[in-house]
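Please prepare a briefing on the model shown here, with the topics grouped and the cut-offs behind each term stated.

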Amino acid sequence: MLLWLMLGLGLVAIVSIVIYFVISKFSKKHKVDSRTLQEISQDNNVHENQEKILLDAIADGVYIVDFERNLTLLNPAAEKMTGWNAAEVTGIKCWSVMSLKDQKDNSVCQDNCPVLACWKSGEYITRDDTCFLHHKNKNTVQISSSYTPLKDNYGHNVGAVCIFRDETEKKEIQRQRDEFVSTASHELRTPITALEGYISIVGNDKICKTDDKAKEYLEKAHNTALGMSTLVKNLLTVTKIEDTKIQFNKTIFSLHDLVEETVESLQGLAAERKLYLRLNETESQAYSGERAIGRSLNVFADKDKTQEVLYNLIENALKYSDDGGVDISIAYDHDFATVCVADTGLGISGDVQEHIFEKFYRADNTSTRETGGTGLGLFITRSIVEMSGGKIWLESQVGKGSKFYFTLPIRIE
Amino acid sequence: MSKILLVEDDSALRDIYSTRFLAEGYEVVTAADGEQALTTAVKEKPNLILLDVMMPKISGFDVLDILRTTPETKDSKIIIMTALSQPSDMSKGRNLGADDYLVKSQVTLTDVVEKVKVMLAE
């Protein structure tokens, strides 16, 4: 019994010693760590190192100037992009190292100096990527840049932090993509046009003899070719919109006359679908409240692109209506003309309305699948209206038809 | 019978347009590049020239410029028909003396035939 008791006490003692060692080791380690952290936070040299490490790690070029625009700091990325060593340029005027030029090769370092501009505004400013930086060895780098004023405790400008990014590679990728899209659409367009042309020749009685069944299939083939041709054209337009390369040739013109002309040219399609299509004059003028001048008010926009908007909205309205038809009206207020395209179609549910102007969005139902389309028409329509300074929206209820509205700015000569 | 010179480097489009114009009762001569266009225009003296722009050897704009300063062709009706749709290209075509400027993606075969008919009737 005594032996068992002694053995038990011995075991407890061994376990206690082990636990003590483990605990003391842990707390010792912890003490060492916390002391190191405290030391780090109190050590200014390490602080400076952190800043240096941070600046060295940034892939963008960073330089700092004092209140006389003398360089006080250049990080390694800035050294690489300019070809100068920080040590050899510190204290030198920034424009002799950071020689920036615009697209027309004019210097932007004197009157247009972005550092002066940020001091003047007192705020952070950015310059888009139209600036060119001249490397020491005369190479040119296309950059985008931002400038932040440095202020003392009294709010006086004492310098500026300037950050710049090499955009050469991005520009090159963009150029290659533009070239690809332009080449691909050109290469696609030519065979589609040929396809469309050959089908149209076969369907022409003056050239080929075909029976009624063949004619029916040829018409379907022709419509498919036309659809492909529209898709290619729309893709090209979307690319131009996204690159903000689309050109607007704005003029002052009569919206009423353009709507009238468009309605007239779509009467054929309406008749084919056994629907009415009318420009509702009475309603247009009643809307305006300015009966006498309503028809003569002009808008300021791109006429061809406005017609594209009208074609898209009216063709959609005709496509998705099975009976009844489409009414167009124009209202004028002080600043804007509002066109309304109202149909008697199926109507559009709330969740579809939210997404209908988005790129490649197509409502997933039998009716949209049957009528075909690219899902780009309303995206292009919205972009054109907004780029013209107008707005576009719709009102619709399932089973009660849809009303699409868009506005354009009025211009009185 | 009016004679049309069709200048187009794509053989399928050349085939389609010439077939259609022949069916409409016109006499059709064709050229596949800018150089051929110039020699054929001087030799055949067409009433109307349908001219592509992006072509081998000499571009359509240069062909147009030369045709307008050549006595045999300076009065021919010339319609540019091209894939180039920028306003700057259109005004270049007009300034060089084109009677009309059609963008291929914006017109159908029937539209082109109608334009030609109207222009030759003037």
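The contact between the two chains takes 16 residues from chain A and 13 residues from chain B, where two residues are in contact if their C-beta atoms, placed from the backbone, lie within 7 Å. This is a predicted model, in which local features need pLDDT of at least 70 and side-chain atom pairs count only at pLDDT 80 or more, whereas totals for chains, interfaces and linings use all residues. Residues are numbered from 1 along each chain as its sequence is written, with chains lettered from A and ligands numbered from 1 in the order in which they are written.

- On the side of chain A that touches chain B, the elements giving two or more residues are helix H7 (168-202) and helix H8 (212-242) of chain A; helices (H or I, at least four residues) and strands (E, at least two) are DSSP runs, numbered from the N terminus.
- H7(A) gives the most to this side of chain A, with nine residues.
- By class, the side of chain A that touches chain B has four nonpolar, nine polar and three charged residues, where Ala, Val, Leu, Ile, Met, Phe, Trp, Tyr, Cys and Pro count as nonpolar, Asp, Glu, Lys and Arg as charged, and the others, Gly among them, as polar.

**Chain composition**

- Chain A has 16 helices and 13 strands, and buried residues make up 23% of its 413 residues; a residue is buried if 20 or more other C-beta atoms lie within 10 Å of its own, exposed if 12 or fewer, and partly exposed in between, with C-beta atoms placed from the backbone.
- Chain B has five helices and five strands, which follow the pattern β-α-β-α-β-α-β-α-β-α when read along the sequence.
- Of the 122 residues in chain B, 32% are buried.
- Among contacts between residues at least 6 apart in sequence, 57% in chain A join residues at least 24 apart, and for chain B the corresponding figure is 58%.

**The sheet of chain B**

- Five strands of chain B form an open sheet in the order E2-E1-E3-E4-E5, with parallel pairing; two strands pair if DSSP finds at least two bridges between them.
- Strand E2 (27-31) and strand E5 (100-103) of chain B stand at the edges with a single partner strand each, so one side of each is left without a neighbour in the sheet.
- Neighbouring strands of this sheet are turned by 20° against each other on average, direction ignored; axes are lines fitted to C-alpha atoms, for helices over the stretch in contact, and angles run from 0 to 180 degrees between N-to-C directions.
- Strand E1 (residues 3-7) of chain B runs parallel to E2(B) and is joined to it by five bridges, with Ile4(B) opposite Val28(B) in E2(B).
- Helix H1 (residues 11-23) of chain B packs on the sheet, touching E1, E2 and strand E3 (48-51) of chain B, and its direction makes about 165° with that of E2(B).
- Helix H3 (residues 60-68) of chain B also packs on the sheet, where it touches E3 and strand E4 (77-82) of chain B, and its direction makes about 175° with that of E4(B).

**A mixed sheet in chain A**

- In chain A, an open sheet of five strands has the order E8-E10-E11-E13-E12, with mixed pairing.
- Its edges are strand E8 (276-279) and strand E12 (392-396) of chain A, each with a single partner strand, so one side of each is left without a neighbour in the sheet.
- The twist of this sheet averages 15° from one strand to the next.
- E12(A) pairs with strand E13 (residues 402-409) of chain A in the antiparallel sense over five bridges, and Leu394(A) stands opposite Phe404(A) in E13(A).

- Helix H13 (residues 303-319) of chain A packs against H16(A) (residues 377-387) at an angle of about 140°, with their axes 9 Å apart.
- The residues of this contact include Val309(A) and Leu313(A) of H13(A), and Leu378(A) and Ile384(A) of H16(A); they divide into five nonpolar, four polar and two charged.
- Just after H16(A), Gly389(A) takes a positive phi of about 90°.
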